[in-house]
Amino acid sequence: MKNALSSEGDSLPKKQRIRKVNVMKEKYMNTINATSNGNLISTKNQVSTTYKPARQPGGKRKAPHRRINYLNIPALQDDLIICESILERDCALILALNPEVVRIECQPETISLGECGEYTPDFRVIYKSAPPSYVEVKPTVFAYEKKMWAKICAAFEYYKSQGIHYEWISDWEIEKKDRHLRAAYIHRCARLLIPVEQSQKIIQAVSNYPQGIRMDDLQAITGLLTDHILHCVGLRQLKLNHFFEYSLDSLVFPLKGECK
């Protein structure tokens, strides 16, 4: 299959890529310092919220699988999404493709769970037409450790008593059928410089098929490539199935009242 993806960042030498990431980190910290009391303020998607992580990301534990990542997803929100591990990064990339999600906040609050001690969930996910959800991202092997599982269960009961949705998302759910890899590729396609006219042509064609249209049929109608279609998915203007499959016989769906 012909590939139209040509990411400028991938062609940069390693030192330049590192420098680019450092510039993004500096921009993020300057944004914090420039706002009142170090709070991050975002008006993306008309979400009026003042946000500051409950604790310093990355300051609690060091481990080989834990690595700070800063996600820049302008189709979702103006400020960066901080992830404390590779698995959290993959989870955020998946969540960001849900058109109902309007914001993802890291380390949103710290609560007391009695004998289980203090607890800080990994994300607070804000939706357009549903209450916020608190998310814990944890590999299964660590989640089922006695103390950690007791803390996850205690957090579930706490948020349930407050009428708040809480869920644990495992590596199995994130990585099943390479779902995380497809999500990452779709976000790369979202950065392609594609004319608005082409995107509108794709969106209009899909809108004629409320139950979805096959990828190969959509290509035949529009004369455009898979990566052009994935560009619209990455910008949250179209949807794929739960596993973000985009083979020629996969279905592409229009939005039905979701944001964007």
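Predicted model: local features only at pLDDT ≥ 70, side-chain atom pairs only at ≥ 80, totals over all residues.

**Sheet.** I looked up the strand order first. The sheet is open, has four strands and runs β5-β8-β9-β10, with mixed pairing. Its edge strands are β5 (101-106) and β10, each pairing on one side only. Neighbouring strands are turned by 25 degrees against each other on average, direction ignored.

β5 and β8 (residues 123-127) pair in the antiparallel sense, over five bridges. I followed V101 across and found Y127 of β8 as its bridge partner.

What packs on this sheet? Helix α5 (residues 146-161) does, touching β9 (133-137) and β10. The direction of α5 makes about 155 degrees with that of β10.

**Helix α10 and its neighbours.** I turned to α10 (residues 226-234) and began with α7 (residues 179-190). Their axes come within 7 Å and cross at roughly 95 degrees. Angles of 65 to 115 degrees count as roughly perpendicular, so α7 and α10 get that label. From α7, I listed Y185, I186, C189 and A190; they meet D227, L230, H231, V233 and G234 in α10. By class, this contact has six nonpolar, two polar and one charged residues.

Then I checked α8 (residues 196-207) against α10. The axes lie 10 Å apart, and the helices pack at an angle of about 85 degrees. α8 and α10 are therefore roughly perpendicular too. Here Q198, S199, I202 and I203 of α8 meet H228, I229, H231 and C232 of α10. I counted classes again: four nonpolar, four polar and no charged residues. H231 is in my α7 list and in my α8 list.

**Second largest pocket.** I looked up its volume, which is about 350 Å³. Of the 19 lining residues, I94, N98, R179, H242 and F244 are the closest to the centre. Which elements give two or more residues to the lining? I found α3 (86-95), β10 (165-169), α6 (171-175) and β12 (238-239). α3 gives the most, with three residues. By class, the lining divides into 12 nonpolar, three polar and four charged residues.

One link I noted between entries: β10 is an edge strand of the sheet, and β10 also contributes to the pocket lining.

Definitions and conventions
Residues numbered from 1 in each chain as written. Heavy atoms only, no water. 1 Å grid on protein atoms, 1.4 Å probe; cavity = no way out; pocket = protein on both sides within 12 Å on 5 of 7 lines; lining within 4 Å. Points joined across faces, edges and corners; volume = space filled by probe spheres on them. Nonpolar A, V, L, I, M, F, W, Y, C, P; charged D, E, K, R; others polar. Pairing = 2+ DSSP bridges. Axes fitted to C-alpha atoms, helices over the stretch in contact; angles between N-to-C directions. Contact = heavy atoms within 4.5 Å. Parallel < 35°, antiparallel > 145°, perpendicular 65-115°, else oblique.
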